[in-house]
Amino acid sequence: MKLGTRQDKKKPVNKGSDKRTPVQAGKKNAKRSSSRISFKLRARNVERQLADLARDGYLQMFGSDTARLGRFTLNIELGLEPGRAGWKIFGQPLDTQLRTVLKQVEAKTGAFRHGRVYCYKCMSGDCDHSIPGDPTKVFAGYSSTGKPNWISFGQMLLDRGDHRVDELYAENPSLLTCLLSKDQLHREQLNAFGRQSLDYIVLSQVAAGYFLLPGKGGSREKAALTFQAVQTMGPKKTLMVDLNVIGQTNEHIPITDLLDQRFSRLQQRLVKTRDRLRNLKPSWTGRGNYRRTGPASETRGRVEFAEMVLSELARGIEQLSRQAARRTMHAERRAVKRPVSKALQEARAAGDEKLLWDKKQETIVVLGAKQRIHVFSPEARLVTTLVMESDGVERRRKKGRWITPEAERIETFRNSLGKKNKSQ
Ligand SMILES: [Zn+2]
């Protein structure tokens, strides 16, 4: 159609359903052109809002950063049903559609998935192998066929001969960490199953546990986390390094969601760690003077850097744990880390004169060896183990807080203890 002719100018803008005469339409021309501008502005506004909504949705779903995203088109459908009282909207809600699109977009960004380890066997970060499957499990490296191996954090410490493993099973467990290198994690993996691939390389990893999370019925659920410095291929074939935090509760809630509320200082550390990893230049060749340059020395440099950053994170996590322990420590009593079985063993060995009843707490107190005090519920569930000076014990007896238990209490306690014998 030719533009700029007189005929064109007189043509009404609306076609089809417009039943008005040209004269009527002409009178409204001025009004319409201003409403046309505001229509355009309003449309721009909606576009802007839609873009912001998509971005916020992405950040909420995948966290912290959109750096790995390339350009994409948002295809959404909005069903409209005109009516006198206003146009009804039908079809799939916008948030549901946005979530679907954003998931697809994220899936195209490469092998990196927040909270998931890439599975080379299935060539996917979405299969069942890519998540721990149990809150206590951490990533232990790739199998020969590129399948992620998951083991409990306690098992990992045992396998590595870490003598601190006992501390995990104490009533007030320490938060421990375990560093693994790129070579340790990718060692078993065969070349045919991605060993030389640039899709998903764990440059360095730290596993940490156990975090005590609120569980069902006021219980505490043990959970471990895997922190990885991961190198993946981003958009336009650029290598990217990022922090991946992997772990979930039995209810399949990402542990990091719970950390938000409960471990704000750890969360701050993670933000810092992530920033440092992301700002690593792809061509960084490390602090060492490598004679040869090229991809091999660049990878070596990145591994070195990632190991440095993650070992600092590991130290930070253990420090947080110690600080928390210090805060809860009473001047007179010191929490000790002994396995539950040890407490049960001492309780079983204790004569009646070593058993006391705490009137205030309504608990059984067992005077163990080496100034250890085991506090049990009347049904022989271990509440805590402490070390207490003998004058602390005496003071409580004099005050009448700790008294000699009634015979029935002792009987109930010993019976419960006996039942525990069979199960432990
Ligand atoms: Zn798989």
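Me: Which residues have the most contacts inside the largest nonpolar core?

Reply: Ala229 and Ala306 do. That core has 53 residues. Keep in mind that this is a predicted model.

Me: Which elements give two or more residues to this core?

Reply: On the strand side, E3 (137-142), E5 (176-181), E6, E7 (220-233) and E8 (239-246) do. On the helix side, H5 (153-159), H8 (264-278) and H9 (295-328) do.

Me: And which one gives the most?

Reply: E6, with 10 residues.

Me: What does the second core include?

Reply: The second core is separate and has 13 residues. Among them are Phe376, Ala380, Trp402 and Phe413.

Me: Let's look at E6. Where is alanine 207?

Reply: Alanine 207 sits in strand E6, which covers residues 200-214.

Me: Is alanine 207 buried or exposed, and why?

Reply: Alanine 207 counts as buried because it has 25 C-beta neighbours inside 10 Å. The cut-off for buried is 20 or more.

Me: Which residues is alanine 207 in contact with, beyond four places in sequence?

Reply: Val138, Phe153, Met156, Thr177, Cys178, Ala224 and Thr226.

Me: How far is alanine 207 from lysine 137?

Reply: In sequence, 70 residues. In space, 9.4 Å from C-alpha to C-alpha.

Me: Which residues of H8 are buried?

Reply: Leu266, Leu270, Thr273, Arg274 and Leu277. Seen down the axis of H8, the buried residues fall within an arc of 100°, so they line one face of the helix.

Me: Why would residues spaced like that point the same way?

Reply: An α-helix has 3.6 residues a turn, so residues three or four places apart point the same way.

Me: What is on the face of H8 turned away from the buried side?

Reply: That face carries the exposed residues Ser264, Gln268 and Val271.

Me: New topic: strands. How do E11 and E12 pair?

Reply: E11 (residues 363-367) and E12 (residues 372-376) pair in the antiparallel sense, over 4 bridges. Valine 366 has histidine 374 in E12 as its bridge partner.

Me: What about the hairpin of E11 and E12?

Reply: There are 4 residues between the strands. Lysine 370 takes a positive phi near 50° in this hairpin.

Me: And how does E12 pair with E13?

Reply: In the antiparallel sense too, over 5 bridges, with E13 covering residues 382-388. Isoleucine 373 stands opposite leucine 386 in E13. The hairpin of E12 and E13 has 5 residues between the strands, and alanine 380 takes a positive phi near 70° there. Ala380 is also one of the residues in the second core.

Me: Where does arginine 414 lie?

Reply: In helix H12, residues 407-423. Arginine 414 counts as partly exposed because it has 17 C-beta neighbours inside 10 Å. Its C-alpha is 8.8 Å from that of alanine 347, 67 residues apart along the chain.

Me: Last one. How many helices and strands are in the chain?

Reply: There are 12 helices and 14 strands. The chain has 424 residues, and buried residues make up 26% of them.

Technical notes. Residues are numbered from 1 along each chain as its sequence is written. This is a predicted model: local features need pLDDT of at least 70, side-chain atom pairs count only at pLDDT 80 or more; totals for chains, interfaces and linings use all residues. A residue is buried if 20 or more other C-beta atoms lie within 10 Å of its own, exposed if 12 or fewer, and partly exposed in between; C-beta atoms are placed from the backbone. Two residues are in contact if their C-beta atoms, placed from the backbone, lie within 7 Å. Two strands pair if DSSP finds at least two bridges between them. A nonpolar core is a set of buried Ala, Val, Leu, Ile, Met, Phe, Trp, Tyr and Cys residues joined through C-beta atoms within 7 Å. The arc is that of the directions from the helix axis to the C-beta atoms.
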